[in-house]
Amino acid sequence: MLQKVLLVEDSTSLAILYKQYVKDEPYEFFHVTTGEDAKKFIVKNPPQLIILDLKLPDISGEEILQWIRDQKIPTAVIIATAHGTIDIAVTLIQSGANDFLEKPIQANRLKTSIKNHLAHNKLEGIVEDIKNDFNRNKYQGFIGSSLPMQAVYKMIDAVAPTNASVFISGESGTGKEVCAEAIHYKSQRYNKPFVAINCGAIPRDLMESEIFGHLKGSFTGATTDRKGAAMLANGGTLFLDELCEMELEMQKKLLRFLQTGRFTPLGGSKEIATDLRIICATNRDPLVELNEKRFREDLYYRVNVVPIKMPPLRDRGTDILDIARFFLKKFAKQDHKKFEAIKRNVELKLCHYSWPGNVRQLQNIIRNIVVLHNNTHISMEHLPEPLNSFKTTAKTPDKQHIKLNNITPIKPITNIEPPLHTMTTLKSEPDDKKAINTHLIRPMADIEREVIENAIDYCDGNVLNAAVLLELSPSTLYRKKQVWDSYEESD
């Protein structure tokens, strides 16, 4: 897609001249004559670059610039100014403009300035995308910035704009339905229905009616016509949770529906066409179900176009603490309790527990604590079963107990003469002043490494525990260790 450049200039003759200058350039060049038209254009089609005349018939260029910055519109702005207003243009650069061009604008100057600012704007956009991709700690109902979750976020970003079928797998409580909702609300179907059915919670003899609906009198108790999920989700997304719980005969009917996009309500004779997207999920291993002949192979390949594996909570590092704090704040506010934080030794226990029930279990634990207690901090005595009887194998001391003072000093460099001005200064000092002990001054990078390695050693090599104690991200510690290890290998 071509980048857009908007010229805001009330002189039609100048606009025609500038258009002629850039007619062969690889971007779209638009022109408006008033400030109000500029605002309308920017809101509808935000350009990557704006060339803004200061003197417009309705609104001053200064006001337009201020409006752009107030609205946080990610565009570069070049001020077009006559010779007598260069001082104003410089002031505007200090207020947020990116550059100024003095009228009459020369062709080469115009093209070079546009090229440079478009390239810079594109680079900033790439950097911002990278930052957003790797620093997202909240995403479409999810909480967490761990690498496994960043991978899930990227998968959702990639698959959401398409119509591809998605098969989400993962343990119970890992957020499979949250994932399905995220795909729906980031797709073009976001303003259409999202209908969820748990195949494991519906009796087998009612499954067909739940999905395809039924007509009055089609079976005992069918006193009225009823629309099924396939009709209710028309235009939107149908989410079939615990798909592997569906019996084989119903799997066959579902496969035909997915292949044709048409179904017949129970008791009916006329086929109905729908347009919807299918997202399926299971907490079982689909390949095991295939081998055991409990899951149709043709249905598996039909729904498993894009597989997404939800990571268990125990593999998500300090996401555990972020989620726990979120629930604590939510429930404390909801129940008018005093809770504000979690004590350090409790955080270590939360991070070390295996969480077989995943996020749902963590939510239940925090809810239990908030309901039964009313302190400012969650402490060990508040923990219910099974956490209160769970014993961690790693040390779980308070942060202040870590001994970081047993560090071997770096041997001072003694074969380098100090600068002359330093020597002079030292000589001029009175005899009663203490000499500067220069060998105690060491690079911060060396001190940082020693503190981190000492913390990891103290935690018996457990990087996660060390990260919690140092209040750092585990990924930060792993990344630094990789760098240090690579240095040692190269030596």
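Begin by selecting glutamine 259, which counts as exposed because its relative accessibility is 54%, where exposed means over 50% relative accessible area, buried means under 20%, and partly exposed lies in between, all with a 1.4 Å probe and protein chains only. Glutamine 259 is found in helix H10, residues 248-260; helices here are DSSP runs of H or I with at least four residues, strands are runs of E with at least two, and both are numbered from the N terminus.

This is a predicted model, in which local features need pLDDT of at least 70 and side-chain atom pairs count only at pLDDT 80 or more, while totals for chains, interfaces and linings use all residues. Residues are numbered from 1 along each chain as its sequence is written, and side-chain values use heavy atoms, with hydrogens and water left out.

Next, go to lysine 176, which lies in helix H7, residues 176-185. Lysine 176 is buried but has no salt bridge, and the nearest side chain of opposite charge, that of glutamate 242, is 4.4 Å away; a salt bridge would need a side-chain nitrogen of Lys or Arg within 4 Å of a carboxyl oxygen of Asp or Glu. Now show the backbone oxygen of glutamate 171, which lies 3.1 Å from a polar atom of the lysine 176 side chain. Leaving aside neighbours within four places in sequence, lysine 176 is in contact with residues including Phe239, Asp241, Asn283 and Met310, where contact means heavy atoms within 4.5 Å.

For the next stop, select Leu350, Trp355, Leu362, Ile366 and Ile378, the residues with the most contacts inside the largest nonpolar core, which has 39 residues. Such a core is a set of buried Ala, Val, Leu, Ile, Met, Phe, Trp, Tyr and Cys residues joined through side-chain atoms within 4.5 Å. Several helices each supply at least two residues of this core, among them H14 (344-352), H15 (358-372) and H19 (474-490), and the largest share, eight residues, comes from H13. Zoom in on leucine 362, which touches Leu313, Ile320, Ile323, Ala324 and Trp355 when residues up to four places away in sequence are not counted. Apart from this core lies another, of 30 residues, and Leu258, Leu276, Phe295 and Tyr300 are among them.

Finally, zoom out to the whole protein, which has 19 helices and 16 strands, and in which buried residues make up 41% of the 491 residues.

How values were computed:
Lys and Arg count as positive and Asp and Glu as negative; His and the chain ends are not counted. A polar contact is a pair of N or O atoms within 3.5 Å; within protein, one must be able to donate a hydrogen and the other to accept it, and residues adjacent in sequence count only if both atoms are side-chain atoms.
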